[in-house]
Amino acid sequence: GATTLDVALNVNGHTRRLTLDAGVTLLDALRERLDLTGTKKGCDRGQCGACTVHVDGRRVLSCLTLAASVTGRPVTTIEGLADGDRLHPVQEAFLECDGFQCGYCTPGQIMSAVALIDEGHAGSDAEIREFMSGNICRCGAYPNIVEAVKAAGKGEG
Ligand code: FES
Ligand code: FES
C-alpha cells in the first residue's frame, strides 16, 4: 500500500508535475519519469556521487533524496548547466583537461565541482580533492579532474 502523491518539481527552471509513490527517489524521478538520464545511478546508496544534483544551489545525492521532499525547490541537473549551446565553464574545463575517461561519473563530478567552486573550496589541489572526495571515479581520472576543477575555479575566481 504505497502512498501516491501529486508533486510539482522545479527542474532546470521548469515546473514538472508528477504523480508518484511517496518513496520514489529524486534520482528515479529524474531518470525514469522525466527522462533526464544525465544524472547517473551508480551505487544507489549514497556512496559514489554519480547521482549528484543541486537543490537550492547546494549539492545533494539524489539517490538519498525523496522526490516529494524537494517539491517547489529549484533542482538543477547536468542538463540544466549549459546556457543554450554554450557549455558551462566547468563543463568546458573537463573537456579541455580530459577530466574523464568512460564518462560515467562525470555528470556527478561536474555538479560537485560547480558547487565547490561556488562555495570557495577550489583554492588548492588538496582542498579540491577533499571537497570532491564524495565523487568516486572507477577509471581513476582524479588527476585530470583536479586539474579541470582548478582551471574552472581560476576562471570564475
Ligand atoms: Fe547516489 Fe551512488 S548513486 S551516491
Ligand atoms: Fe569512468 Fe570516472 S571516468 S568512472
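Which strands does helix 1 lie across, and at about what angle does helix 1 run to strand 2? Please set the answer in the context of the sheet.

Reply: This is a predicted model, and the protein chain averages a pLDDT of 96, with 98% of the residues scoring at least 70. Helix 1, which covers residues 26-33, lies across strand 1, strand 2 and strand 3 (52-55), and its direction makes about 110° with strand 2. Helix 3 (residues 106-118) also packs on the sheet, where it touches strand 3 and strand 4 and runs at about 40° to strand 3.

The sheet itself is open and has five strands in the order 2-1-5-3-4, with mixed pairing. Because strand 2 (14-21) and strand 4 (58-61) each have a single partner strand, they stand at the edges, and one side of each is left without a neighbour in the sheet. From one strand to the next the twist averages 40°. Within this order, strand 1 (residues 4-11) pairs with strand 5 (residues 74-76) in the parallel sense over two bridges, and V11 stands opposite V75 in strand 5.

The domain assignment places domain 1 at 4-78 and domain 2 at 89-156, with 22 Å between their centres, taken over C-alpha atoms. Their contact takes 13 residues from domain 1 and 11 residues from domain 2. On the side of domain 1 that touches domain 2, strand 3 and strand 4 are the elements that give two or more residues, and strand 3 gives the most, with three residues. The residues of that side divide into five nonpolar, five polar and three charged.

How values were computed:
Residues numbered from 1 in each chain as written. Chains lettered and ligands numbered in written order. Predicted model: local features only at pLDDT ≥ 70, side-chain atom pairs only at ≥ 80, totals over all residues. Pairing = 2+ DSSP bridges. Helix = DSSP H or I, 4+ residues; strand = E, 2+ residues; numbered from the N terminus. Axes fitted to C-alpha atoms, helices over the stretch in contact; angles between N-to-C directions. Contact = placed C-beta atoms within 7 Å. pLDDT = per-residue confidence, 0-100. Domains from an automatic or database assignment. Nonpolar A, V, L, I, M, F, W, Y, C, P; charged D, E, K, R; others polar.
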